Amino acid sequence: MGTTGFWIVLLCTFTITSTSLGASSNNRDISAKYVSGDNPDEAEGFEFLQTYDKRASQECYLSVLSNWAYATNLTEENKQNLLERSLVYAEFQKEAWKNATSFAWKQFKNPSTRRLFKFLSILGTAALPTEKLKELNEISASMEDTYSTSKICPYSLQVVITDESENLDDDKSSSEEENCTLSLEPDITRILKKSQNYDELAYVWKAWRDSSGKKIRKRYERFVELSNDAARLNGFADMGEMWRESYESDTFLEDLENLWKQLLPLYENLHAYVRRKLISKYGNDKIRPDGPIPAHLLGNMWAQDWAGVQEFTEPYPGKPSLDVTPQMVEQNMTALDMFNISEEFFSSLGLKEMPPPFWEHSVIEKPTDREIVCHASAWDFCNGKDYRIKQCTDITMQDLITVHHEMGHIEYYLQYADQPSLFREGANPGFHEAVGDVLALSVSTPKHLKAISLLNEIADDPEGDINYLYSIALDKISFLPFGYLMDLWRWGIFSGNTSVEEMNTKWWELRLKYQGVCPPVKRTEEDFDPGAKYHIPGNTPYIRYFVSFVIQFQFHKALCEAAGHEGPLYKCDIYQSKEAGKLLSQVLQLGSSKPWTEAMKIMTGGKTNKMDAAPIIEYFDPLIQWLKEQNKNYTLGWTSNDPTICP
Ligand code: BJ2
Ligand code: ZN
C-alpha cells in the first residue's frame, strides 16, 4: 500500500498531503481540474514543498499504520481508529491543497516543481464534505471486512443437506453453521485448483459469490455515487476518468483496445485448446465445442489464471512437471524460505535487500487467532524505514510467484525512497505491478528452478519447451482479457453507461465477450459477481495489471539484452546479472518524477516510449505456432445467446 493506505486507493496515485505553509485560499474553484492560484513566487513555492514533504511523510505514516492495524486484525476498534485517522488525514490534505493551489504554479520555470504542484492540486476523496467522506470511508472499510471474513460451508455438508433435507432438524442446522468455516485462502482456493468434480466446483463457485459479492451489492451502489461526487469535485467527469489520469495519456483507451486486438489471437488459440481438453474431461454435454468455457473449471475462482488445469491439459504429458509445488512441500519449505528465495534473486541483481523492519513486521503466514485481510499486499509506510508484506502464504509455486510480485513492490519503494513523497509512486501503476513479475519470468525457467533445487531434471528439448511455454501461458495469456474487462466494467459503472439495474448482466456480457467464459448457474441482478473479486470491494483499480502483463515482457526483453542473453526470450534468466539490475534500478529510482513514457524509453534503450505487444508475442511465438497447428480443424472463439448461464 502506498501513501493512501489501504482503501483510499486513489491517493496511491495522487499523494496529497501538505503543510500549513503558504497563503490561504481565496475562492478557488474546487470543482476545476488542476487548480492554481495567483501567487507567482516560485521560490516560496519551492520552500512550501520542502516543509510539506516532511509533514506529509509523518501524516502518511500514521495513516498507513492505522490501515495496517485494521487489515491485520479486523476488529471494530481498529476500524474506528482507522476511520478517525482517515478524517484527520483528510483535514491535513485539504489544508495542503488550499495552500498549494494558492500558487500560480503553472507558470513556474522548474518542470519538477510544476509536476509536484500538479500532483498536489488534485485533492482526491478528501474533497468531499465531511459527512460524505465519512460515509465513503465506512462503506469501504465494511466492504473490505465482508469480503475478507466471508466463509462457506463444505460441499460434503451440502450433499448431506440436500439428500436429507426432509429430515433436517434444528441440531443439524447448528452443526451446519459450525462447519461453515471454509475461507478463500487457503481452503476455497485449493478446492478450485484441485477438485475435478463438476458439481463440487459449481457449488463452491456459487457459495463464494453468495457469501461475498452478493452481500456487498447495495453498499457498492452507494460507494459509486460517493466516489463520483468526489471525482466531480476534482474536476473529472467520473471516478473512472480520474483513475485513468494516472496514465497521463490522451490515447490510453485506444491504446488498450489496440493492444487487446493484437493479443486476441493468442488468447483465442489458448482458449480453443483448453476448451477441447476440458470437453474430454467433463463431457460435451457440459461444454459446447464452439461455446464459452464454464468459469468454474479453469482452476481459479475468477478464471483469471488457468495454472490449475496444467496437469491434465499439458501438451506433452509424462515430462517432469513444471509446477514445483510437490518439491516445495517435500522439502518442508516454509513461508520464510520462500521470502528468502525471492530476496536472494533481487540481491543477485545488485538490487536492495529487504531492510530489518521488513522482517520484523511483515505478516507472511495466516494468523489463527484473528481475522485479517488475507489478500496479499505490499506496504510503504512513507518514513523511509518501514516496509511490509502481508500474505497468507500457502506453500505452492503460485504463491512463490506472488511473493516475488509483492517483493517487487517493496523493491520499487526502496529504489525511489529518496524522491520527494509526491514522486514515490510507480512511473505509472502498471510499472509498479510489473517489477516482481519480471523477475518471476526468470525464476520460473526450468534452468533456474533446477539451479535452486526445485527441479531435479529438465526436459531440454522442443517438447519440453512447448510444455514450459504452455505453463507460462496459463498464467499470462489467460489473464489478459480478465485484466482488461475488470475496469471496462467499472468505468462503465462510474460513467453511468451501465446502470445500477444491469450491473451484473453487464459483468457477464464482458466476461463472455472478452474471456469466453460463462457461469455454471444462472446469474441475475440479485447477484453481484464483480464484488466476489477482491479489487472491487478493495477499490483497487485493475487496468494496471493488464498494462503490467504487456509491459513486463518489454522489460524482460530489455533486461535480457542488458544481461547479454542470446537465444529465445523465453529461455532467458537474468539471475546474477548486475547489468540488468543496474538498468532496472535506474528506471525504478525515477519513481513518478517523469512521465512514464520517459521511463519506458530508458528501459528500452531508446527503442520505444510506448506500450508494445511485440515482446509478449515474440516470447510466446513457438507456442502460438504449435497451438495454431493443433487448432487448425477446430473452431476458434465462442458464441452464446445468454451470457448469464452456460449454454
Ligand atoms: C496479489 C496482488 C495486490 C498487488 C495488492 C492488493 C491491491 C493492491 C498492493 C499495492 C501495491 C502498490 C494482486 C497480483 C496480480 C493480479 C492481481 C490479482 N495483490 N495491492 N499496495 N494481484 O498488486 O500486489 O499490494 O504499491 O500499489 O491482487 O488479481 O490477484
Ligand atoms: Zn501488485
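**Close-up views of a predicted model**

In this predicted model, the mean pLDDT of the protein is 94, with 93% of its residues at 70 or more. Residues 2-26 have a pLDDT below 50, and this stretch makes 109 contacts in the model beyond near neighbours in sequence.

**View 1. Helix H3 and the helices it packs against.** Helix H3 covers residues 111-120, and its buried residues are Thr-113, Arg-115, Leu-116, Phe-117, Phe-119 and Leu-120. These buried residues pack against helix H1 (42-71) and helix H2 (76-100). At the start of H3, the backbone nitrogen of Ser-112 has a side-chain oxygen of Asn-110 within 2.7 Å.

**View 2. The packing of helices H7 and H8.** Two packed helices are described by the angle between their axes and the distance between the axes. For helix H7 (residues 184-194) and helix H8 (residues 198-211), the angle is about 145° and the axes are 9 Å apart. The crossing of these helices is left-handed. On the H7 side the contact is made by Leu-184, Ile-188, Ile-191 and Leu-192, and on the H8 side by Glu-200, Leu-201, Val-204 and Trp-208. Seven of the residues in this contact are nonpolar, none is polar and one is charged.

**View 3. A cis peptide bond at Pro-186.** Most residues other than glycine have a negative phi, and most peptide bonds are trans. The bond from Glu-185 to Pro-186 is cis, and its omega is near 5°. Pro-186 belongs to helix H7.

**View 4. Where helix H8 meets helix H9.** Helix H9 is formed by residues 213-233, and its axis comes within 4 Å of that of H8, crossing at roughly 30°. Trp-208, Arg-209, Asp-210 and Ser-211 of H8 meet Gly-213, Lys-214 and Lys-215 of H9. This contact consists of one nonpolar, two polar and four charged residues.

View 5. Ser-321 sits in the loop between helix H12 (310-313) and H13. It counts as partly exposed because its relative accessibility is 39%. A polar atom of the Ser-321 side chain lies 3.2 Å from the backbone nitrogen of Asp-323. Between the C-alpha atoms of Ser-321 and Cys-572, which are 251 residues apart along the chain, the separation is 19 Å. Gln-327 is part of helix H13 (residues 325-330). With a relative accessibility of 17%, Gln-327 counts as buried. Not counting residues up to four places away in sequence, Gln-327 touches Leu-454 and Leu-455.

View 6. Met-338 is 57 residues from Ile-395 along the chain, and their C-alpha atoms are 8.3 Å apart.

**View 7. Two loop residues with positive phi.** Cys-382 is not a glycine, yet its phi is positive, at about 65°. This residue is in the loop between strand S4 (377-380) and S5. Cys-382 counts as buried because its relative accessibility is 7%. Asn-539 also has a positive phi, near 55°, and is a residue other than glycine. Asn-539 is placed in the loop between strand S6 (517-518) and helix H22 (543-562). With a relative accessible area of 11%, Asn-539 is buried.

Terms used
Residues numbered from 1 in each chain as written. Chains lettered and ligands numbered in written order. Predicted model: local features only at pLDDT ≥ 70, side-chain atom pairs only at ≥ 80, totals over all residues. Heavy atoms only, no water. Buried < 20%, exposed > 50% of the residue type's maximum accessible area, 1.4 Å probe, protein only. Contact = heavy atoms within 4.5 Å. Polar contact = N/O pair within 3.5 Å; in protein donor to acceptor, adjacent residues only side chain to side chain. pLDDT = per-residue confidence, 0-100. Axes fitted to C-alpha atoms, helices over the stretch in contact; angles between N-to-C directions. Left-handed = near helix turned anticlockwise from the far one by under 90°. Nonpolar A, V, L, I, M, F, W, Y, C, P; charged D, E, K, R; others polar.
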